[in-house]
Amino acid sequence: AVGVFVTIIAALAYALAVAFLPFCQPFAAMGVGAIIGLAVGLSGHGVTTGLAVLAVALTLCGSVFGNLLTTVVMQARSAVGIQLAALSKASIADVLRWSFDGYVSVQLVFWFVAAIAASFLARKSLSRTEQLALRLHVT
């Protein structure tokens with residue numbers, strides 16, 4: 001639940017940052033990965049690899065959702081943009097098209113770096129006491 005909430009907040013921040021400062025897209029993508037990775041790692045105590053996989057999946061979803069929100073924000077700023085009423089009548093195909101609107105292949109690199117950041121930050125290193133407890137439990 002925490003990861004999904006943070007994903008939505010991070011996607012909104014990504015959209016606002018990219019819509020108003022387009023040159024910061026790589027940093028916004030890395031920020032999405034870092035924030036989601038930290039949130040998932042802290043909420044689940046980051047011991048399992050499953051949390052890293054969850055963080056990567058949420059990061060990719062957050063980046064795609066951020067692209068959709070970026071398109072909506074940029075269109076809302078323009079005079080001939082998408083009207084908000086049109087969003088409620090949009091089909092799934094329209095939403096998918098808007099999600100990848102302005103997509104360039106270099107974004108895959110940004111998303112890959114964001115996924116690495118999320119995976120790295122979701123895995124919390126164990127304290128000395130926790131490591132000792134695991135060794136005693138295993139043996």
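What percentage of the 139 residues of the protein chain count as buried? In this predicted model, the share is 35%.

**View 1. The protein chain is built from helices, with zero strands.** Start here to get your bearings: seven helices make up the count, and the pattern along the sequence reads α-α-α-α-α-α-α. Take contacts between residues at least 6 apart in sequence: 75% of these join residues at least 24 apart. The accessible surface of the protein chain is about 8,500 Å², and carbon and sulfur atoms account for 75% of that area.

**View 2. Helix α1 covers residues 2–20.** With 19 residues at 1.5 Å a residue, helix α1 should span 27 Å, and its end C-alpha atoms lie 27 Å apart, so the two values agree. Along α1, the buried residues are G3, V6, T7, A10, A11, Y14, A15, V18 and A19.

View 3. The most comes from α6, with five residues.

**View 4. V109 sits in helix α6.** Is V109 buried, partly exposed or exposed? Its relative accessibility is 48%, so V109 counts as partly exposed, a class that lies between under 20% for buried and over 50% for exposed.

Key:
Residues are numbered from 1 along each chain as its sequence is written. This is a predicted model: local features need pLDDT of at least 70, side-chain atom pairs count only at pLDDT 80 or more; totals for chains, interfaces and linings use all residues. Side-chain values use heavy atoms; hydrogens and water are left out. Helices (H or I, at least four residues) and strands (E, at least two) are DSSP runs, numbered from the N terminus. Buried means under 20% relative accessible area, exposed over 50%, partly exposed in between (1.4 Å probe, protein chains only). Contact means heavy atoms within 4.5 Å. Accessible areas come from the Shrake-Rupley method with a 1.4 Å probe; for residues, only the protein chains shown count as cover. The expected span of a helix is 1.5 Å times one less than its number of residues.
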